[in-house]
Amino acid sequence: MALSADPPPLVAASPADPGVASLYQEIILSHYRAPKHKRLLAGAIPVVEHRNPLCGDVFSVQLSVDGDRITEAAFSARACSITQATASMLLDRIIGATVADAHAVMTRVDQMVETAVTVPVPGENLGDLRALASVSRFPARRACVRLVLGTVREAISAV
Amino acid sequence: MTSLAPRSDFPLLASAPALHYLDSAATAQKPQAVLDALAHFYTHDNANPHRGAYALSARATERYHDARATIATFIGATDADCTLFVRGTTEAMNLVAYGWGEANVRAGDALVVTAMDHHASFVTFQQLARRTGAELRIVELTDDGRLDLASLASVLDARVKLVSVPHVSNALGTINPVADIVAMAHAVGAVVVCDGAQAVPHLRVDVEALGVDFYAFSGHKLGGPMGIGVLWGRRALLERMSPWQFGGDMIDVVGDQQTTFNTLPHRFEAGTPNAADAVGLAAACDYLGAIGMDRVRSHEVALTTTMMRSLQALDGIRIFGPLDVDSRSGVVSFAFDDVHAHDLATILDEHGVCVRAGHHCAQPLMRRLGIAATARASVWVHSTAADVAALVTALQHAKTVFADGALR
């Protein structure tokens, strides 16, 4: 492995700067402050729970599917703002969607937090989720988004 | 307050003047003296120790031997051969579990750990208990994050074979009364293993005065290289222990069907030793020794006092562990305004402030505190009041980012 000749700076140029602002955008903060679908679903809908062993966060999802369509979904979490906002935005997007559409959306979110490239795919309608592209600048926080994706994927496949 | 050691002693810090490194409890930055010692070994002394009859190999052997003596002296061990090199505290705990535990723990026995043990010892002795059929007993904490000695007394009886206790809690900073705990444990015939990972870089440690039976620490937390650490043990215990790893260097005579093993310390150091990192760790001990551990402690007490006062002045702060600075090290764990520790760490990072956020490899402790994670700031010889001020400024910024509306 070649040594980097010019490593990126360890400290941002200006603290109050676009860095944090772009991660903690108003869209993300508002979903965190007033999350949608953060509740327990009535009835015997199984809870799928995942943890991030590195930080101890706990995230769980309940999800029901009728035919090929997600009819209900809800989450609970003891987790950071990024995880909770992701869950709020994602569940809001996929409730009522087909399973195939939900998987496509999650694939796109997965790509976004890696590379931030968000050339829109016609009809994908990512909505607020587009804000998660900012996570690509914070590699340590990708796992916070992927905790949600992994749990929702398992919940869908478990139905 | 100025630093105790000049920032220029630490090349990484010198090259990043705006960085406020407050995560020394996770790993310490490396003094130039340590990097020089590593380079010197590889440049001038590198050969396989204990192997060659040629002068260079003899020199490598001597450097390795000298490093062990330096490190033993640094922790108050008079018998350097009882100072075993391992990868770090985690491997040291596993050496105790396999080398001592498998031979001495039976079904029906009990092992004692504390609710503030790091996973390195907590999980290791939990699994030893599961393998042997022993019972695992847990010493609970007081509300202010100290070991509850009444709880310790209540779990001690003649069935207890081992007591594990951290010298200093990595998550709370609590300095435990190890000598008192040793007296209680020895009264029921139990062996005491002490995790010194958070103590050796910050306090004057004398393993013999503490009275413990085993003492472990990691080199990288006191400015040494990653991948080298120490298990010190009493000779009488070590000599009765079976090797737990086998191979070169640790043998005496290898027959076709059986082998006799080398003397201490070699019987517990199978394979080519990590001589260069041992030399690097000895350089770190020399570096701290030249500063003086009493001065290190005084500096950290003063800075921790400043940090605790500054943090306590913030609305919405909750500091874990004892508030009395004499009972704690320079590790300050806190929660702030219900902002998740990861969110705090991200915003602090933008200010160049490095803190640890998470469960600190102490999930049993986090469960008892009723939280998933804390933010943890920790100081060392290069830390200054400016680092603490940067932390406070960054926390105030975090507050404004998360200010609006009711947080959940």
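Residues are numbered from 1 along each chain as its sequence is written, and chains are lettered from A, with ligands numbered from 1, in the order in which they are written.

Among the elements of chain A, helix H3 (residues 81–94) has the highest mean pLDDT, 97, whereas helix H1 (residues 18–23) has the lowest, 70. Where pLDDT is low, the predicted coordinates should not be read in detail.

Chain B contains 14 helices and 15 strands, these being DSSP runs numbered from the N terminus, with helices (H or I) of at least four residues and strands (E) of at least two. The radius of gyration of chain B, taken over C-alpha atoms, is 22 Å, which agrees with the value near 22 Å for a compact globule of 408 residues; the globule rule is 2.2 Å times the number of residues to the power 0.38. Along its principal axes, the C-alpha trace of chain B spans about 75 × 55 × 30 Å. Of the 408 residues in chain B, 54% are buried, where a residue is buried if 20 or more other C-beta atoms, placed from the backbone, lie within 10 Å of its own, exposed if 12 or fewer do, and partly exposed in between. Contacts join residues whose C-beta atoms, placed from the backbone, lie within 7 Å, and among those in chain B between residues at least 6 apart in sequence, 71% join residues at least 24 apart.

The domain assignment, which is automatic or comes from a database, divides chain B into domain 1 (7–31 + 292–401) and domain 2 (34–289). The C-alpha centres of these two domains of chain B lie 27 Å apart, and the contact takes 30 residues from domain 1 and 32 residues from domain 2. On the side of domain 1 of chain B that touches domain 2, the elements giving two or more residues are helix H11 (293–312), strand S12 (331–336) and helix H13 (363–369), and H11(B) provides the largest share, 5 residues.

Some backbone details remain. Most residues other than glycine have a negative phi, and most peptide bonds are trans. A cis peptide bond, with omega about 0°, joins B:Leu264 and B:Pro265, and B:Pro265 is found in the loop between strand S10 (259–261) and helix H10 (275–291) of chain B. B:Asp337, although not a glycine, has a positive phi of about 55°; B:Asp337 is placed in the loop between S12 and helix H12 (341–350) of chain B, and counts as partly exposed because it has 16 C-beta neighbours inside 10 Å.

Conventions
This is a predicted model: local features need pLDDT of at least 70, side-chain atom pairs count only at pLDDT 80 or more; totals for chains, interfaces and linings use all residues. Two residues are in contact if their C-beta atoms, placed from the backbone, lie within 7 Å. pLDDT is the predictor's confidence in each residue, from 0 to 100.
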